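Me: I would like to learn how to read pockets and ring contacts in a protein model. Can we work through one together?

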Amino acid sequence: MKRLSLLFLVVFAFKLSAQEDRVITTAVPFLTIAADARAAGMGDMGVATSTDAFSQQWNPAKFAFAERKMGIGVSYTPYLESIITDIALLNASYFNKIDDRSAFALSLRYFTLGEIELRQFANDPGSLAKPNELSLDGSYSLKLSETFSMAVGGRFIRSNLKIPQANNTEDSQAATSFGVDIAGFYRSRELAYNSFDGRWRAGFNLSNLGGKIQYDEGGQENFLPTNLKFGLGFDFILDQDNSIGLTTEFSKLLVPTPQDFNNDGVLDSADNNEYQNIGAFEGVFKSFGDAPDGFSEELKEFTWALGAEYVYQDSFMIRTGYFNESEEKGSRKFFTLGAGFKFNSAQIDLSYLFSTSQVRNPLENTLRFSLTFNLGEEFFNE
């Protein structure tokens with residue numbers, strides 16, 4: 001169990017950083033955490049990588065290119081493990097190919113903040129609160145040609161973070177919202193080069209497009225983490241046993257930049273009220289040109305990542321990656337390592353993160369696990 005003050009301390013410190021550097025913050029940030037070990041081992045990327053059971057989070061259009069009839073994936077990601085032992089992100093995914101050209105998928109992400117002990121007085125026996133957040137997703141993907149597919153997805157979001165006063169649970173209500181994903185994926189035919197074969201990959205995903213989420217009636221409305229990801233990759237197929245995939249990915253939150261609307265030199269409550277008046281969809285368009293320092297600051301709001309994956313006989317994988325975010329916009333910078341082991345229809349993946357930033361990463365020195373089952377008939381994509 002943790003004291004309530006610890007949770008407040010973490011949130012308060014994060015808000016101070018946001019005010020100082022104009023970091024863009026949103027509600028339900030758990031939606032942006034890499035929920036599977038394969039993506040985490042490649043620098044938190046997945047929009048343009050090859051298809052797997054966890055593609056729902058990154059790019060559901062990839063499911064149309066799946067090589068097996070169905071796939072099931074479960075994963076576990078500890079969070080703030082060096083400080084607290086029962087905060088974690090759990091994920092379960094499922095996809096099923098309807099035919100060679102289409103597929104549907106479902107997934108569930110559950111983020112638990114463990115148990116928090118609530119006390120009104122020092123000798124109060126207290127009560128326990130278990131704040132948590134979850135999302136339930138569904139998607140449909142369709143090949144529009146032999147090399148390109150698109151998908152649309154829907155996401156129900158529930159955030160139960162409000163702490164009840166004393167033992168009054170009636171004051172604690174979960175906030176809900178709904179988001180939409182629109183994604184596309186390109187996968188070229190296998191091409192012959194001088195000493196190897198190759199295949200190009202590209203993808204994009206506009207995710208969590210939806211209305212704001214509100215915890216109290218008449219209270220502050222919070223933006224969802226509407227996000228645009230796009231990436232490009234290439235597979236070096238060296239022979240029938242060895243291949244190397246290289247991928248790069250870019251990402252931008254389509255959320256307005258906090259700024260000093262009244263030009264008094266500080267971000268205060270008046271600026272926050274002005275910020276709250278921006279609508280959810282209006283904010284998407286504003287996000288491309290509202291940074292106070294102009295185009296140079298807009299570029300800083302993009303993150304980028306590089307990832308590599310070596311595959312031997314489709315049974316052993318080694319991965320690495322690097323993720324970079326501007327120091328003024330959050331300063332997430334880290335290297336990752338990962339590995340995968342496949343036996344028959346089952347595959348286990350794990351990853352590890354090394355932070356290279358002065359700002360400590362909540363997932364630093366954390367080992368993440370995923371388990372995947374690929375079942376049913378095979379589909380052969382050229």
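The dialogue below takes up a pocket, then aromatic rings.

Reply: Keep in mind that this is a predicted model.

Me: What volume does the second largest pocket have?

Reply: Its volume is about 1200 Å³. The lining comes next. Here 46 residues line the second largest pocket. Ser 50, Thr 51, Glu 67, Val 311 and Asp 314 lie nearest its centre.

Me: Which strand gives the most to that lining?

Reply: Strand 15 does, with five residues. Other strands supply at least two residues each, including strand 9 (175-187) and strand 20 (367-378).

Me: How do the lining residues divide into nonpolar, polar and charged?

Reply: There are 13 nonpolar, 16 polar and 17 charged residues in the lining of the second largest pocket.

Me: Now the rings. How many aromatic pairs are there?

Reply: The count comes to 18. Take Phe 196 and Phe 234. Their planes are at 85 degrees, and over 60 counts as edge-to-face, so this pair is edge-to-face. The ring centres are 6.5 Å apart. The two residues are 38 residues apart in the chain: Phe 196 is in the loop between strand 10 and strand 11, Phe 234 in strand 14.

Me: Is Phe 234 buried or exposed?

Reply: Phe 234 is buried, because its relative accessibility is 8% and the cut-off is under 20%. Phe 196, at 21%, is partly exposed.

Me: Which residues do ring pairs link into a cluster?

Reply: Tyr 193, Phe 196, Trp 200, Phe 234 and Phe 236.

Me: Where does the charged end of Lys 252 sit?

Reply: It sits over the ring of Phe 288, 5.7 Å from the ring's centre. Lys 143 lies over the face of Phe 65, 4.7 Å from the ring centre.

Definitions and conventions:
Residues are numbered from 1 along each chain as its sequence is written. This is a predicted model: local features need pLDDT of at least 70, side-chain atom pairs count only at pLDDT 80 or more; totals for chains, interfaces and linings use all residues. Side-chain values use heavy atoms; hydrogens and water are left out. On a 1 Å grid over the protein atoms alone, a cavity is a set of points where a 1.4 Å probe fits but cannot get out, and a pocket is an open set with protein on both sides within 12 Å along at least five of seven lines; lining residues have an atom within 4 Å of a point. Grid points are joined across faces, edges and corners, and a volume is the space filled by probe spheres set on the points. Helices (H or I, at least four residues) and strands (E, at least two) are DSSP runs, numbered from the N terminus. Ala, Val, Leu, Ile, Met, Phe, Trp, Tyr, Cys and Pro count as nonpolar, Asp, Glu, Lys and Arg as charged, and the others, Gly among them, as polar. Rings of Phe, Tyr and Trp (its six-membered ring) pair if their centres lie within 6.5 Å; planes under 30 degrees apart count as stacked, over 60 as edge-to-face and the rest as tilted. Buried means under 20% relative accessible area, exposed over 50%, partly exposed in between (1.4 Å probe, protein chains only). A charge sits over a ring if NZ of Lys or CZ of Arg is within 6 Å of the ring centre and within 35 degrees of the ring normal.
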